[in-house]
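Good morning, and thank you for making time for this item.

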Amino acid sequence: MAEAVFHPPRRKRRVFESYQAPFPVDVGGKDFRICQAEIINNNVIVTNPEDIEQLYNKGYFGKGILSRSRPVYSISDPLLVTKWQGANINMPIIGSKKYQCHVQWAKSVLQQQGLDDCSITKIIENYTKPLEVPFLEEDEAEQTRTGPNTENTEVSRQCSTATGNVVALSPENQNEGYKKACLEGDAAFEPAAARSSEEQEQGDLKEIAEASCQKHGFLVHCGCKAKESTEHRSCEMIKSKECAPEYVLVQEEEEGSLCPADDSAHAQDERLFKKEKLVCRRNPFRIFEYLQLSLEEAFFLVYALGCLSIYYGEEPLTILKLWEVFSEVKPNFKTTYMAYHYFRSKGWVPKVGLKYGTDLLLYRKGPPFYHASYSVIAELVDDNFEGSLRRPLSWKSLSGLNRTTVNASKELMLCYLIRPSDMTEEEMSTPECMKRIKVQELIVSRWVSSRERNEQDEL
């Protein structure tokens, strides 16, 4: 049998971050904190933005539910953000079509609560009408380029119908300052937008209370609260890290706003320009980015690092209870966790290998720096490498799995967790059983007959 050859990990070409730490713990340091998570539908979810940043940045634990990996989902349209980057705006910018999708989603939530169409239309119209822009000025010394209107605050600029390029700000909005943002955003307490009077605000909030807007699942929130102070709030500071954006700027086209181009240019070629504007509205259907942990990652943070507390309802679960619950949710949890714990202890960053048909994927340092080096299949066996295998591989299935792994520039690894013959089921009911488990790694490589003949000829 030929010996397995170790191939160095393939480093990614474009890396835009620095390596900080393998684990999100600072033993005895000031930065140590215990994060919180909760079990929802047999999934472990982290909702606190600070905990999300701590867990992912210092260990690459979990995955953003709305992102590919790192939880960086943003409601803003990148093209529109680039287009309006000179406006010094610290608010999400979306197109009118996307905003209408959020409106339709909010309507569907209200329809599910039994409201009639007339009430739903009235609530949505009051909730999404144009508002005074709660700008957050980043640099006071910088000359402001846009300003609020008294009735319908909007940021306007002209752009060509042919090219779509930004030309200039409209004159009426130049040399006017932003309004200071002064309120704090909170995921648990969501302030209502400014209204023209206290009675109008009370009436709108009463209608919103009747709609009973509430969380739809655990991904979205319509952004309404029944109990709200009637104190007039003219501006609010949006903290994107604390809650989903309550205010958005919607790019809309101003009807009948066609005007000729500059007269100093070719007069005979009157190119028409259309005026586009950014209108501040409330987001009726707010989407939150959560961090989802695999069961192995969650238990490792609780058991090995002691930096996570997992709740089910209002009750925090103990280590033994988590071991029992996770084993019921995932029958092969004990096997996959032992493999996860072993490779994490060796400095690898294991991630779920479901998309390649395996249990784990092993990364050096983390997914941002290197491609996965190994696809791992974990099996629990006895001293004689026998047992009830979870995945009995035939030569055909093993060859296909190996081909799939090689085509993705990885290597297939079989990880055998050797259990002593005298170990009882009672010992396996606690994570302390890992102290007696041994590990044997086996790398599967494809045998190429022509290559073997060439090597023999050279010898």
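This is a predicted model: local features need pLDDT of at least 70, side-chain atom pairs count only at pLDDT 80 or more; totals for chains, interfaces and linings use all residues.

The strands concerned are S3 and S12, the latter covering residues 291-293, and they pair in the antiparallel sense over two bridges.

These two strands belong to an open sheet of six, with mixed pairing and the order S3-S12-S2-S1-S13-S14. Which strands stand at the edges of this sheet? They are S3, at 63-64, and S14, at 315-316; each has a single partner strand, so one side of each has no neighbour in the sheet.

Two helices deserve mention here. Helix H1, residues 49-57, packs on the sheet and touches S1 (35-40), S2 (43-46), S12 and S13 (308-312). The direction of H1 makes about 100 degrees with that of S1. Helix H6, residues 295-305, also packs on the sheet, where it touches S2, S12 and S13. In this case the angle is taken with S13, and it is about 120 degrees.

I turn now to the aromatic residues. How many aromatic pairs does the structure hold? The count is 19. One of them joins phenylalanine 333 and tyrosine 337; this pair is stacked, with 5.8 Å from centre to centre and 25 degrees between the planes. Both of these residues lie in helix H8, which covers 333-345, and because they are four residues apart, about one helical turn separates them. Are phenylalanine 333 and tyrosine 337 buried or exposed? Both are buried. The two rings also take part in a cluster, in which ring pairs link Phe299, Tyr303, Trp323, Phe326, Phe333 and Tyr337.

Threonine 335 is in helix H8 as well. Its relative accessible area is 8%, so threonine 335 counts as buried. Setting aside residues up to four places away in sequence, threonine 335 touches Ala378, Glu379, Leu380, Arg390 and Leu417.

Arginine 11 lies over the face of tyrosine 370, at 5.3 Å from the ring centre. Lysine 365, for its part, lies over the face of tyrosine 19, at 5.4 Å from the ring centre.

Next comes an open sheet of five strands, again with mixed pairing, in the order S15-S16-S17-S18-S19. The edge positions are taken by S15 (348-352) and S19 (438-444); each has a single partner strand, and therefore one side of each is left without a neighbour in the sheet. On average, and with direction ignored, neighbouring strands of this sheet are turned by 30 degrees against each other.

Within this sheet, S15 pairs with S16, residues 360-364, in the antiparallel sense over five bridges. Proline 350 stands opposite leucine 362 in S16. A helix packs here too: H9, residues 395-407, touches S17 (374-381), S18 (411-418) and S19. The direction of H9 makes about 125 degrees with that of S18.

Although S15 is an edge strand, four of its five residues are buried, so S15 is largely enclosed by the rest of the structure. Another of its residues, valine 349, stands opposite tyrosine 363 in S16.

Which residues does the UniProt annotation "active site" cover? The entry, which is unreviewed, gives Tyr363, His371 and Lys410. In sequence they span 48 residues, yet no two of their C-alpha atoms are more than 10.5 Å apart, so they gather at one spot.

Tyrosine 363 itself is in strand S16. With a relative accessible area of 12%, tyrosine 363 is buried. Its contacts, leaving aside neighbours within four places in sequence, are Trp348, Val349, Lys351, Tyr370, His371 and Ala372.

Histidine 371, by comparison, is in the loop between S16 and S17. Its relative accessibility is 29%, so histidine 371 counts as partly exposed.

Definitions and conventions
Residues are numbered from 1 along each chain as its sequence is written. Side-chain values use heavy atoms; hydrogens and water are left out. Two strands pair if DSSP finds at least two bridges between them. Contact means heavy atoms within 4.5 Å. Axes are lines fitted to C-alpha atoms, for helices over the stretch in contact, and angles run from 0 to 180 degrees between N-to-C directions. Rings of Phe, Tyr and Trp (its six-membered ring) pair if their centres lie within 6.5 Å; planes under 30 degrees apart count as stacked, over 60 as edge-to-face and the rest as tilted. Buried means under 20% relative accessible area, exposed over 50%, partly exposed in between (1.4 Å probe, protein chains only). A charge sits over a ring if NZ of Lys or CZ of Arg is within 6 Å of the ring centre and within 35 degrees of the ring normal. UniProt positions are given in the numbering used here, feature names are shortened, and annotations may be inferred rather than shown by experiment.
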